[in-house]
Amino acid sequence: MAPDPYKYFRVESRDLLDQMGRGVLDLEKGGGPEIVAQLLRQAHTLKGAARVVKQPEIADLAHAVEDVLSPFRDQPAVPHDRIDGLLQRLDAIAARVKALGQAADGAATAATAATLAAAPAPASARAAIAANDRGPVDEDEIGALLDGITETYVQVSALKRSLGAVERVRHLAELAVDQLGAPRAQRSGDAIAPKLRAVVDELRGLVTGVERNLSIGVEQVGRELRQVRESAERLRLSASQLMFVVLERAARDGAASQGKRVTFEARGGDVRLSPQVLNVIQNALMQAVRNAVAHGIERPTERIAAGKPAVGRVSLSVARRGSRVVFLCHDDGRGVDLQAVRRALADKGATTDGGALDPAHLLRRMLSGGISTAGTVSELAGRGVGLDVIREATDRLGGQVEIRTEAGQGTTLEIVVPLSLSSMEALLVEAGHHTAAIPLDAVRRTVRLPAAELAHSASGASMVFEGQVIPFIPLWRSLRGQAPPADSNRTWTVVVVEGNHHQAAIGVDRLLGAEEIVVRRLPDFTPADAVVAGASLDAAGNPQIVLDPERLVRGARQVRTSESETKTPAPILVIDDSMTTRMLEQSILESAGYAVEVAASAEEAYEKALARPYSLFLVDVEMPGMDGFTFVERTRADPALRAVPAILVTSRDAAADRQRGLDAGASAYVIKSEFDQADLLQRIRGLVG
């Protein structure tokens, strides 16, 4: 299969487009010159990356973004009509990047060319582009990768056990040396003994060296495999914040179409979920946001008359709750019109019993679908299918949905779904024969506490923490099959855990460290203790339990090895704030046999250059902070760095810029739009061999 020429560009451009989309929306909220400057840097980076991969249409669109923003570099605000123009250009770039992905998958046909030449996508298509263009995640391929890592780790573990045999050989060699040095052996007068002793001495030295090197290598490979496995596990997950820009755009565009004004707020973007859950829940949340704008948020005149700010507010929060994740969508609008719900039910011929007068019952009936309180049919509302979408998405995930409302104050939609996969930072602890993980955001403190300092009463043991008495419970009491420790006067390692606004002290044997883990939901009907929320896998693929902080606290209230460094002689340092350019140049150089390191800024590169030697600097010119010209000038002025050649790689092709680069001390000046791999390698060979 031919290599994908746009692999890194698509990743970088999607990230830049997401950041720029957020920045433009922040401008609309009143952001000032600092956001304009940030957007200009991002547009310039995108333009340079597009030119590197020979995509002039995308580069021209990024340049157009710069043209729109440049007049407002020092202005307090950007006019609303310019905001619309910026969003249209970002949509057009997103459409072209999406087409590049289709081309890389084998769809480089006339249809792809037509897509690239198409006008900016209409508003109805923008959300689909943003929602579905996160890049493919092949679960089977990642699963196969994880299986391979696990098998490799098993083999490394077997190799580690073989170190015992090597150690035994070394021990026998030492015994042989001792025997040959004994007086009886020396009195034999035989000339063979000294020769044999020399051979055995050499054998002992060789075995000792092999044992040491093998031990270090096995340990390092084990650590690397664990890191690779954790990275591969995280590849299966996506951050919730990926959907925030799409939802904010839905709120903004929906409000604009109805003459309303809204702000959108989101929290919990660091919660990572499987793409399947994220895609399904995003459709439900998109509908929830549209409902909030169409049915909840009032027009500015109505809000002012009701004593509210003219601008409505729609908020979304994402949070883990044990083995589940909770999505809360809230608006500060008028609330659900319960009388309209009653009328809609009557129009549908629904029976009216006593419970129908109960607001909670009415809201549950709304969720059954087919009910709309909108007076007219519009693009956003009126057909009674909005809540159907939300309910069906929640059902697909095996979750629950609930609506709460208060007249004049707003409505909250809560969706709770179980997690098949999620990622979290956790503290690993050991208790008895178990290794367990406690979510790190629930850990308040870890302390060493002698048993004599625990207070005992009829209600159980306790300790004082920050002036409060909190219950203490050994973890073994919460886990089945665990025997109490033999030493009742031991010194405990205590983890103070918070759950549901209460705290408890959990006694464990020792702490194993904090790390990011991927949590799996336990299969149905799996016998597990109440405090177990799920399981994660260690590097060898062995399961370890993940604890639920709320249940831990409730139960209590009821009764690094340092990495060895490998040095690469005189690598080339690639310096560019564009990930696409860094990865492309690194790939070219490494394919040619060079060792390569990268830096995302000139400041980072200068610190690296002071810390170790390099054979060449490959430097971008336009970067935030110190630019490439200044970096070259500074290294030429440094006695320790002036001998290291530097090549400037830039999109600036003016003769004055070229001369400035050469005057600064650069050995060569390469234009990105004229980038030629063979020419670059020839220049480098001439400088460093």
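Analyst: One term before we start: a crossing is left-handed if the near helix is turned anticlockwise from the far one by less than a right angle, and right-handed if clockwise. Also, keep in mind that this is a predicted model.

User: Good to know. So which way does α13 pass α14, left-handed or right-handed?

Analyst: The crossing of α13 with α14 is left-handed.

User: And which residues make that contact?

Analyst: On the α13 side they are Leu 338, Val 341, Arg 342 and Leu 345, and α14 brings Pro 359, Leu 362, Leu 363, Arg 365 and Met 366. Sorted by class, the contact of α13 with α14 has seven nonpolar residues, two charged ones and no polar ones.

User: What's the angle between them?

Analyst: Helix α13 (residues 338–347) and helix α14 (residues 359–367) cross at roughly 55 degrees, and their axes come within 10 Å. The two helices are therefore oblique to each other.

User: How about α18 and α19, at what angle do they pack?

Analyst: About 20 degrees for helix α18 (residues 602–611) and helix α19 (residues 628–637), with the axes 10 Å apart. Angles under 35 degrees count as roughly parallel, so α18 is roughly parallel to α19. α18 passes α19 in a right-handed crossing.

User: Who's touching whom there?

Analyst: Ala 602, Ala 605 and Tyr 606 of α18 meet Phe 631, Arg 634 and Thr 635 of α19. That contact divides into four nonpolar residues, one polar and one charged.

User: Switching to strands: is β7 buried or exposed?

Analyst: Buried: nine of the nine residues of β7 (residues 410–418) are, so the strand is largely enclosed by the rest of the structure. Gly 410, Thr 412, Glu 414, Val 416 and Pro 418 point one way, while Thr 411, Leu 413, Ile 415 and Val 417 point the other way, and all are buried.

User: What does β7 pair with?

Analyst: Strand β5 (residues 324–331) pairs with β7 in the antiparallel sense over eight bridges. Strand β6 (residues 400–406) is also antiparallel to β7, over seven bridges. Ile 415 of β7 has Phe 327 opposite it, and Val 401 also stands opposite Ile 415.

User: And in the β6 and β7 hairpin, which residue takes a positive phi?

Analyst: Gly 408, with phi near 80 degrees; the hairpin has three residues between the strands.

User: There's also an open sheet of five strands. What's the strand order?

Analyst: The order is β20-β19-β21-β22-β23, and the pairing is parallel. β20 (596–599) and β23 (668–671) are the edge strands with a single partner each, so one side of each has no neighbour in the sheet. On average, neighbouring strands are turned by 20 degrees against each other, direction ignored.

User: How many bridges join β19 to β21?

Analyst: Four bridges join β19 (residues 572–575) to β21 (residues 616–620), with Val 619 in β21 as the bridge partner of Ile 575. Helix α17 (residues 579–591) packs on this sheet and touches β19, β20, β21 and β22, its direction making about 170 degrees with that of β20.

User: Last one, where does Pro 645 lie?

Analyst: Pro 645 is in the loop between α19 and β22 (646–650). Buried means under 20% relative accessible area, so at 13% Pro 645 counts as buried. Beyond its neighbours within four places in sequence, Pro 645 is in contact with several residues, including Phe 617, Arg 636 and Leu 687. Pro 645 is also 7.0 Å from Ala 666, C-alpha to C-alpha, though the two are 21 residues apart in sequence.

Notes. Residues are numbered from 1 along each chain as its sequence is written. This is a predicted model: local features need pLDDT of at least 70, side-chain atom pairs count only at pLDDT 80 or more; totals for chains, interfaces and linings use all residues. Side-chain values use heavy atoms; hydrogens and water are left out. Axes are lines fitted to C-alpha atoms, for helices over the stretch in contact, and angles run from 0 to 180 degrees between N-to-C directions. Angles under 35 degrees count as roughly parallel, over 145 as roughly antiparallel, 65 to 115 as roughly perpendicular and the rest as oblique. Contact means heavy atoms within 4.5 Å. Ala, Val, Leu, Ile, Met, Phe, Trp, Tyr, Cys and Pro count as nonpolar, Asp, Glu, Lys and Arg as charged, and the others, Gly among them, as polar. Buried means under 20% relative accessible area, exposed over 50%, partly exposed in between (1.4 Å probe, protein chains only). Two strands pair if DSSP finds at least two bridges between them.
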